Amino acid sequence: MKVSDLIAELLNAAEKSAEMARAIRREESLFQLLIEEKTGDDKGRRFGFDFKTLADVIIQEMIRRDLEKKFPGMGKRVTGEENNKFTNTVGEAVTLEIKDNKKKTTSTLMKILDGNERAAGVLANLVHEEMNLPRPAELQAFEQLQLDKKAIGVWVDPIDGTAEYITGNRDPEFKPGENISQNGLPNVTVLVGVYEKATGQPLIGVINQPFFHTADGKSWTGRMVWGACIGETKVTCIPASRRDVQMSEGGKHAVLTSMSDCKKLGTYLCESFEILTAPGAGYKLLCVIDRLCSAYVLSKDNTYRWDTCAPHAILKALGGGVVQFKGLLASDLSPGKRDQSLREQQITYHKSEPKANGSNAWCNAQGVIAYYDQEVLLALAEHLSRK
């Protein structure tokens, strides 16, 4: 299949997914019905609790269906964070599958929504709506390139930042002088990444920020960021964010991390780096792409392949990447070995973690460092290796 056609369909899928996320969030009474706590192997390590919403599951299955419809055989190559089983309020187990017509999909959704025909109908309409965005001019670079659909896989995080999606304020909060959202709906992202199955290398990344801007706190507009790195062809499309604040007023590079890692990493980095935090792994990775910070550093194993695949592809197209935190610090970064070490420590997406079950089989077990500038990465490694 043509790479340009695949990217165009991924953009359609991401925008359709963002509209679904916005539509569910607008329906407050509906939204509250759709939250279900994850249990067992589905529960990730990121929080003591973890939730899935119908938005997560329906978006994942919608992307699977739409890719299958456009490229027969692609649906089974889509892997996501969520399983598609729900339990309604009367204890009935329901498997959410997007049917071949609106009536059948409505019937399935009604079982999940305890017979709420109106809500099921609204969601089914969105699922079966056609999305045809204008093809970006940047796709011309890929018109002559082909990919074998059997040779690729797709990672999907349908709603990254679920906690913010569930509880987030309608109005984002920013610290004085910063343009990195501290909480709220702007921290929610839809992540769709394509990787090569033989090597695990990320190829194409699409990030949709469904709640990028609002003028009235009710109606939101989104923002799409994408990039691809296939062979020697590297293209990105990054619409303007707020402003470039990668350096603090004191001339330090800004580094994003999680609240749980902030104190630990700050001990080693505070002399030369400004340490910032924000919720949402996808959002933090997007901040690196937007150059709102110079890097995202996480020493723990609580991000997953579906979090990093799409941003990694975009960063790779920009000349950066996403490496393993622990692996990098144990590597030989001397001038003669540096390039090889950086290649070896890039996260790959085709093999699960050994001796792990459920979602944890796909965690980034050695932590992550996302960057767009190799010199910043090497400076981080130098400071962190002192610990």
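Visitor: At roughly what angle do the axes of α1 and helix α3 cross?

Guide: This is a predicted model, where local features need pLDDT of at least 70, side-chain atom pairs count only at pLDDT 80 or more, and totals for chains, interfaces and linings use all residues. Residues are numbered from 1 along each chain as its sequence is written, and side-chain values use heavy atoms, with hydrogens and water left out. Helices are DSSP runs of H or I with at least four residues, strands are E runs of at least two, both numbered from the N terminus. Axes are lines fitted to C-alpha atoms, for helices over the stretch in contact, with angles running from 0 to 180 degrees between N-to-C directions; those of α1 and α3 (residues 54-70) come within 10 Å and cross at roughly 155°.

Visitor: Is α1 roughly parallel or antiparallel to α3?

Guide: Angles under 35 degrees count as roughly parallel, over 145 as roughly antiparallel, 65 to 115 as roughly perpendicular and the rest as oblique. The crossing is roughly 155°. That makes α1, relative to α3, roughly antiparallel.

Visitor: How many of the residues of α1 are buried?

Guide: Buried means under 20% relative accessible area, exposed over 50%, partly exposed in between (1.4 Å probe, protein chains only). Helix α1 covers residues 3-26, and it's mostly covered, with the buried count at 21 of 24.

Visitor: Is I159 buried or exposed?

Guide: I159 sits in strand β6 (residues 152-160). Its relative accessibility is 0%, so I159 counts as buried.

Visitor: Which strand holds D160?

Guide: At 1% relative accessibility, D160 counts as buried too. Its place is in strand β6.

Conventions
The expected span of a helix is 1.5 Å times one less than its number of residues.
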